[in-house]
Amino acid sequence: MLGGFRVRLLSGGTCEVEVGGPSFGVDELTDHTGLKAGSTVSEPVHFTNVANRPARGVQTVLALSPGLDFADRYSNCEYGNIGKTHYSECCPKCAIDLGETAALAAPVRLRVNSAALSTLALKVKAGRKSSAPAGSVSLPQAGNVTDYRIVSLRARNTAGFGVTGASAQAGAGRNATFAFRLSVNGPATLFDRSDGDGVPTVWVTLPTGTTAVGHSANCSPWQLHNPTAAAHAPYICFPPGIELPKGQVTELSLTVRVDQPVAPAKGGVLLVRDFDPAHSQWLPFDPNGGNDSAALTLN
């Protein structure tokens with residue numbers, strides 16, 4: 001454990017932290033690429049008092065997406081986790097005049113671990129000390145001034161994904177349920193801060209001669225509010241969130257009614273990055289495409 005987390009005024013002098021000031025603008029951070037697991041990267045953090053009165057201190061909240069750890073810990077910072085996201089909340093005591101720019105006395109040092117991938121974020125928020133949880137900081141902006149910054153830290157790593165198929169037996173007029181799964185093979189954790197646009201999904205086609213009559217909660221027809229599509233069109237199945245760590249398995253299912261027996265009748269499951277294979281992109285972080293598709297075989 002290091003001593004107090006410190007702020008250095010760029011006009012000279014240092015101070016230790018405890019209470020926050022009224023309004024701050026955080027300078028842009030520096031992106032990094034090609035980071036190796038086990039390496040350490042440094043991020044200098046500067047902020048300016050953009051309010052209409054001096055500040056007696058500043059609260060800084062640093063949040064790290066999966067794959068990053070704090071290389072240093074300070075005695076006047078609180079550390080915690082929200083899921084696999086690490087955060088620190090530090091409160092240095094320091095007077096910062098109107099328009100004055102301050103910096104953390106030492107750059108934030110981050111350790112890249114084996115879960116790191118190509119879309120990592122260090123979120124920095126500077127502002128008044130409040131009772132809001134560190135993971136719920138807002139993103140207010142005024143012109144080019146913001147108290148919130150995100151930096152892209154790209155690691156040289158992979159996150160493997162795979163799907164399984166299934167087989168079932170059923171005669172005419174009977175139902176058959178296919179149970180299949182989406183697996184995250186790692187080693188990296190996929191953390192998608194685009195709110196789901198970059199998360200792989202499973203495209204499911206029905207076996208010939210069948211009608212869909214049921215599905216697991218995380219699957220839905222490709223076209224919503226369309227009875228024909230719900231009965232016969234492909235289905236899309238989703239993982240449970242935007243944070244997909246190694247070892248996570250999502251159980252999926254689709255139930256069909258056999259209308260016209262065909263032996264064998266085949267459908268399939270396919271891992272896609274978009275909601276439509278016709279517009280899907282190759283998953284750049286997945287090193288093995290051989291397990292990205294599988295069959296659903298009936299009879």
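Which residues have the most contacts inside the largest nonpolar core? Before we answer, a word on the model: it is predicted, local features need pLDDT of at least 70, side-chain atom pairs count only at pLDDT 80 or more, and totals for chains, interfaces and linings use all residues. Residues are numbered from 1 along each chain as its sequence is written, and side-chain values use heavy atoms, with hydrogens and water left out.

Now to the core. In soluble globular proteins, nonpolar side chains tend to be buried together. A nonpolar core here is a set of buried Ala, Val, Leu, Ile, Met, Phe, Trp, Tyr and Cys residues joined through side-chain atoms within 4.5 Å; buried means under 20% relative accessible area, exposed over 50%, and partly exposed in between, using a 1.4 Å probe and protein chains only. The largest such core has 34 residues, and F161, F178, F180, V202, V204, L254 and L298 have the most contacts inside it. Several strands supply at least two residues each, including β19 (159–163), β23 (201–205) and β30 (293–298). Strand β21 gives the most, with five residues. (Strands, E, of at least two residues, and helices, H or I, of at least four, are DSSP runs numbered from the N terminus.) Another core, of 24 residues, lies apart from this one, and V58, L62, I96 and A116 are among its members.

Next, look at the aromatic rings. Rings of Phe, Tyr and Trp (its six-membered ring) pair if their centres lie within 6.5 Å; planes under 30 degrees apart count as stacked, over 60 as edge-to-face and the rest as tilted. The whole structure holds four aromatic pairs. In one of them, F70 and Y79 have ring centres 5.6 Å apart and planes at 70°, so this pair is edge-to-face. F70 counts as buried because its relative accessibility is 10%, while Y79, at 22%, is partly exposed.

Finally, find R109 in strand β14 (residues 108–112). With a relative accessible area of 35%, R109 is partly exposed. Setting aside neighbours within four places in sequence, R109 is in contact (heavy atoms within 4.5 Å) with residues including T40, D69, F70 and D72. F70, as we saw, is also in the ring pair with Y79.
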